[in-house]
Amino acid sequence: MLPRVVIIGGGFGGLSAARALRNAPVRVTLIDKRNYHLFRPMLYQVATGLLSADEISGPLRSIFSHQENIDVLLDEVTGINPEQRIVHLTRGELSYDFLILATGIQYNYFGHDEWRQFAPGLESLDDADVIRDKILCAFERAEEMASIEHAGPEEIRHQLTFALVGAGTVGVEMASTLAEMSRMALAHDFRHIDPTSARILLYEAGARVLPTYPEDLSIKAQRHLESLGVEVYTNAPVTRVDSEGIVVDGQKIQAGTVLWGAGVVASPAGRWLGVETDRSGKILVGPGLSVPGHAEIFAIGDTAHVVAPTRNLLGIKSKTPMMMPGVAQPAIQEGKYVADVIRRRVAGDGEPEPFWYWDKGDLAIVGRTYAVADLRFVKFAGFPAWVVWAMVHIYFLIGFANRLFVLLQWGLDFLTKRRRVRVLSVETLSAQKFIEPAA
């Protein structure tokens, strides 16, 4: 009987590992609570109406339809028994010979999960739909207030104020896109309000935006955000979120819409196993990416705390190891690596060399044709960085059709400055009656 490899999570790491085991003499089972693989780096474009959900996602069954040695289960893991090598699911259990944990992350509300209802984070397609509806409903509600209720300027100003918490990659991308959306795509669509008057507020608890990037690129990113009309506040931790807005350093900020992107926490995989984790819940793994004390269990991507040697794009080895960042490339490379380890063990071959990371740098978009790029041996910003960002993200999208549709949509948006995904369902409009704060 073939050894069973169970992979928990259909993100970049899990997908990469499953594909790398395509011709291995094993039986693979991929478990995910969602039935699709999501290209998360472009999720904010769904949340702001530029792209539709199907353009940045693909059904897992379709992706693996031609891989004979894999089963896909739509279920949620509730626990793991490492002694008996069993994964507990909501509707049963599954045994394994090898286990790959690629369970990802969720947003960290720092012990205030009650804030989530007022400030959604951007983790899934459902979240993107919720955020897009909140943004569009904010403008629709402001138009209604101005045309029917004859609301005063302050009430409309409150309705058209968007506060974003956290100035990492997601926060910067959302803030810049929201600013351009209100000043371009929606600028001429309303009769009683001026969408260009919308306030986009970006709050960062640290000293600068994009804190993981070199300081000079952070400064350039902030300057470009401010040129778009975004109000950037650094060293400004948010201490409270409610239906009226946020509190920063004891000061109440009135905001009709609050969006959350301030830090992440790992999945409960470490608690399932009862192993050592870092402060964010990531499992501390060895140089072979296996969990200490459990050689048959591997943790990759955002589930794992990995410190490894690196090489840059030119192949030059770094003098000191680095902690893997929470982006797609480490997860992809780690997935391929653990697949190779499993393949070698099944074949009776020796273990490969310890994992090392081919560091292709960091890219962040800061507007319609502006980005920042840190390729380690060179740093640059502006339109050239945006071209690199676009090429990289198009390349890694699942399927030729997705790449073609996204490329065409970007071209159309560039020419027309419009957003095409702006339809609100009747259910969404009805739901607004229940989430509007009481007068």
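Me: How many of the six residues of strand S2 are buried?
Reply: This is a predicted model, where local features need pLDDT of at least 70, side-chain atom pairs count only at pLDDT 80 or more, and totals for chains, interfaces and linings use all residues. Residues are numbered from 1 along each chain as its sequence is written, and side-chain values use heavy atoms, leaving out hydrogens and water. Strands are DSSP runs of E with at least two residues, and helices are runs of H or I with at least four, numbered from the N terminus. With buried meaning under 20% relative accessible area (1.4 Å probe, protein chains only), S2 (residues 27–32) is mostly covered, its buried residues numbering five.

Me: Which residue in S2 stands opposite isoleucine 7?
Reply: Strands pair if DSSP finds at least two bridges between them. S1 (residues 4–8) and S2 run parallel, joined by five bridges. Opposite isoleucine 7 stands leucine 30.

Me: What percentage of the 439 residues of the chain count as buried?
Reply: Zooming out, the chain has 12 helices and 29 strands. Its radius of gyration, taken over C-alpha atoms, is 23 Å, close to the 22 Å of the globule rule (2.2 Å times the number of residues to the power 0.38), so the chain is as compact as a globular protein of that length. Along its principal axes, the C-alpha trace spans about 75 × 50 × 45 Å. Of the 439 residues, the buried share is 53%.

Conventions: Buried < 20%, exposed > 50% of the residue type's maximum accessible area, 1.4 Å probe, protein only.
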